[in-house]
Amino acid sequence: MTIAPGSFAWLLAHDMRLNWRGLTSLLNGASTRKAVLILLACGAGLHLLAWPAIRWLSGYGHGTNATAPVLASIIGGVFMWMVAQSLFSATRALYDRADLDLLLGSPVPPARIIAAKAMSIMASTLGSLGLLALPVANMGALLDSPCWLGVYPALTGMAMTATAMGLALSMALFFLVGPRRARVYAQMTGAILGGSFVLGAQIFAMLPLPMRASITAWIDQTGVLRSTGTQSLLWMPVNAVHGDIFAMAVLLGTGVVTLTAAVKLLGERFAIAAIAAAGAPAAEAGAMGGRLNFRAGLGRNLRLKELRLMTRDPSLFAQLSLQIIYTIPIAVVLLRSQLVPTAFALVPTIVVIAAQVAGSIAWLTVSGEDAPELIATAPVSPTAVDRAKLSAVALPMLAILALPLTGLALISWRCAAIAVVFAACGCASTALLNFWHPMPGNRRGMLRRHQQSKLIGLVEHGLAILWAFAVVFALIGSVIALAPIAIVITILAVTRAMHLKRIANGGVTIAGPQSAGSSAFSPMSRAFKFGRG
Amino acid sequence: MTAALSLVSNRDASHPALQLTSVRKTFGPKIAVERMDLTVQPGEFYALLGPNGAGKTTTLRMVAGLLRPDAGTIRIFGTDAVKDPIAAKRITAWLPDEPMLYDKLTPLEYLEFVAGLWSVTPAIAEKKAAELIDVLDLGPHRNTRCEGFSRGMKQKVALAGALIHDPRLIMLDEPLTGIDAAIARQVKDLLTARVRDGATIILTTHILEVAERLANRIGIVNHGRLVAEGTLTELRAMTGGSNTTLEDVFLSLTAREALAS
């Protein structure tokens with residue numbers, strides 16, 4: 001059977017094909033057969049992992065009051081994550097454009113195009129969550145009760161509603177703050193929404209004890225978390241997952257109605273926004289425009305350039321801030337522990353934040369370099385460029401860490417001194433990792449950079465955690481601190497060796513300056529860099 | 001500027017501006033450039049023509065220090081560009097087909113940054129930046145971030161960046177592709193003026209009219225080799241016609257080479 005060109009199904013198939021290609025490129029460009037096999041293997045592995053979880057959960061009894069509050073929290077978190085993903089996807093469609101110009105320039109009605117895009121966003125959100133949630137549902141149905149299959153319609157209904165909300169939010173932001181700022185606001189809103197449950201829980205934990213007690217009492221009084229049998233719309237997802245047919249129908253119906261309404265009401269506006277986004281005016285330089293202070297010096301110029309690029313891109317600023325915010329829960333957990341003194345609790349947090357943020361800034365200066373060929377053709381030695389870029393990383397790090405380190409010094413000079421040393425080591429290690437293993441990409445996608453190399457992402461997080469372990473042992477004066485340090489040194493030595501091997505093979509990955517001596521580029525990196533526009 | 005370039009030209013009169021000897025570059029099994037011999041004299045405006053994938057850009061990227069040749073030597077005003085890339089880069093400029101810009105910087109800030117990379121004396125850099133902004137008609141946009149610029153505007157900013165350190169060898173890859181006639185005219189006038197002042201220019205282009213009107217000499221590359229070289233008259237003579245256009249000459253030479261290979 002062939003699908004009529006230009007029809008909704010045809011457009012949807014086109015979008016799904018692009019989604020699939022995106023997935024296979026994440027799997028290192030695997031062929032369709034290989035990608036299917038990898039996904040099946042992952043699915044099988046997740047089913048095996050779900051087995052003990054279901055055994056443990058069934059001890060509490062599925063569909064009982066005991067598990068309902070936990071389930072409600074998980075569903076709430078998942079739903080907010082879905083809304084955030086939909087918001088990100090809708091904004092990406094508007095600004096990254098991809099095929100939107102081509103489609104909107106065709107004689108196909110815009111509403112049909114947007115409907116297909118919305119369905120595609122919904123499918124990709126559902127797919128990424130389904131991969132994790134559906135194995136649990138399947139194993140639950142097999143080992144516990146068929147009621148677990150209620151996850152399928154519940155998740156689908158929620159994904160449809162979340163997509164509608166994501167679309168509505170993106171349009172609201174677009175028309176409220178204007179095309180030039182909407183992207184940044186959407187990124188910030190999405191990140192806050194996505195992490196709202198974690199952040200909310202931490203805010204709750206930070207409240208004074210009497211306030212927490214009164215909130216808990218209010219929740220008990222209103223009975224929000226007590227009954228699983230309530231027909232309140234808010235409880236529908238929990239009831240659906242518990243196998244309530246009526247709740248499943250309501251969830252699916254709500255999803256279909258909200259998504260259809262969003263597409264009908266917002267389709268035209270989305271098309272208008274897409275056109276407006278393409279012609280968003282550029283900003284003026286601001287207060288410092290006009291006369292400039294031409295000065296010699298590579299280091300000074302590179303530092304100034306990086307500083308300007310960072311401060312003028314609020315989305316980067318937001319992403320860096322969120323990276324810090326997401327690390328705060330560790331501090332809260334440690335601070336709330338009766339066993340750990342305040343200063344001891346703050347030191348590993350500062351070290352982790354320093355290492356993580358330094359990794360991000362190093363990535364920006366090396367892999368997110370917008371004009372790598374310009375740097376590569378400059379008459380400057382690669383070592384000088386590396387040094388200048390490292391100093392460009394160090395400067396914002398000093399600014400970020402100055403306040404917490406001063407606060408720490410007021411509590412304990414010894415802890416502050418140790419924190420400075422280990423934070424500097426953490427910064428240097430994640431920065432060097434990014435220098436020796438560049439992952440070329442668009443600056444705007446800083447937080448998504450690890451999608452290119454999940455292994456390097458894990459290594460970067462691992463380095464930060466290893467330094468945190470090391471500093472904890474150092475604080476208590478244990479020689480065990482040397483163990484994580486030795487692991488860090490080994491990891492960096494291996495990365496450096498691989499980097500040198502790549503240079504020797506002539507396959508330099510990014511800006512020539514990073515490749516000591518060769519000043520060479522691989523044509524692949526160039527195609528990648530410029531190919532994404 | 002003219003005086004400075006003239007002095008340089010006199011000093012380096014014994015060396016060609018660019019000399020490639022048996023240069024070879026492969027990407028895996030694909031041979032991009034094969035035994036390329038090319039000499040460009042100081043003060044020449046040299047156009048490198050060839051079909052897509054012929055090896056023009058790869059050749060220029062090797063000269064710019066962005067690719068290391070597998071074999072052969074590259075000399076820029078007598079300096080070995082592979083052994084002493086820093087010295088070679090100091091006197092060259094490379095303008096790729098896609099402008100290398102920072103979206104969040106203004107043209108003036110971009111020029112300030114590039115001048116810093118090439119260690120141009122601050123006072124001279126400021127003067128040059130003002131001149132280039134004026135000549136390329138970038139004045140009204142000097143403090144606007146590049147993110148909203150058209151391709152032509154971006155190309156002009158990138159060109160200004162390439163010229164701010166008064167390079168003696170300027171290499172341009174398809175500099176006029178995708179820009180309107182008015183901007184193309186500004187770019188062509190600026191390049192011609194640079195050659196008059198003593199600079200050497202090598203450009204690749206698919207717009208044969210540009211090569212025909214601007215270049216002193218034309219080289220035709222196909223399958224990674226220089227298949228013909230000379231003035232337009234000399235090239236016409238090679239194909240046996242005196243009134244033929246460069247397009248006819250180009251098609252005839254590339255077809256002949258394809259048959260031979």
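This briefing covers a cavity, a helix and a strand in a predicted model. Local features here need pLDDT of at least 70, side-chain atom pairs count only at pLDDT 80 or more, and totals for chains, interfaces and linings use all residues. Residues are numbered from 1 along each chain as its sequence is written, chains are lettered from A in the order in which they are written, and side-chain values use heavy atoms, with hydrogens and water left out.

**Second largest cavity**
- About 90 Å³ of space sits in this cavity (a set of points on a 1 Å grid over the protein atoms alone where a 1.4 Å probe fits but cannot get out; lining residues have an atom within 4 Å of a point; the volume is the space filled by probe spheres set on the points).
- Of its 14 lining residues, those closest to the centre are A:Leu374, B:Trp94, B:Met100, B:Gly161 and B:Ala162.
- Strand 6 (92–95), helix 4 (107–117) and helix 6 (151–163) of chain B each give two or more residues to the lining (helices are DSSP runs of H or I, at least four residues, and strands of E, at least two, numbered from the N terminus).

**Helix 4 of chain B**

**Strand 8 of chain B**
- B:Thr200, B:Ile202 and B:Thr204 point one way, B:Ile201 and B:Leu203 the other, and all are buried.
- Strand 8 pairs in the parallel sense with strand 3 (residues 45–49) of chain B over four bridges (pairing takes at least two DSSP bridges).
- With strand 7 (residues 169–173) of chain B, the parallel pairing runs over five bridges.

Key. On a 1 Å grid over the protein atoms alone, a cavity is a set of points where a 1.4 Å probe fits but cannot get out, and a pocket is an open set with protein on both sides within 12 Å along at least five of seven lines; lining residues have an atom within 4 Å of a point. Buried means under 20% relative accessible area, exposed over 50%, partly exposed in between (1.4 Å probe, protein chains only).
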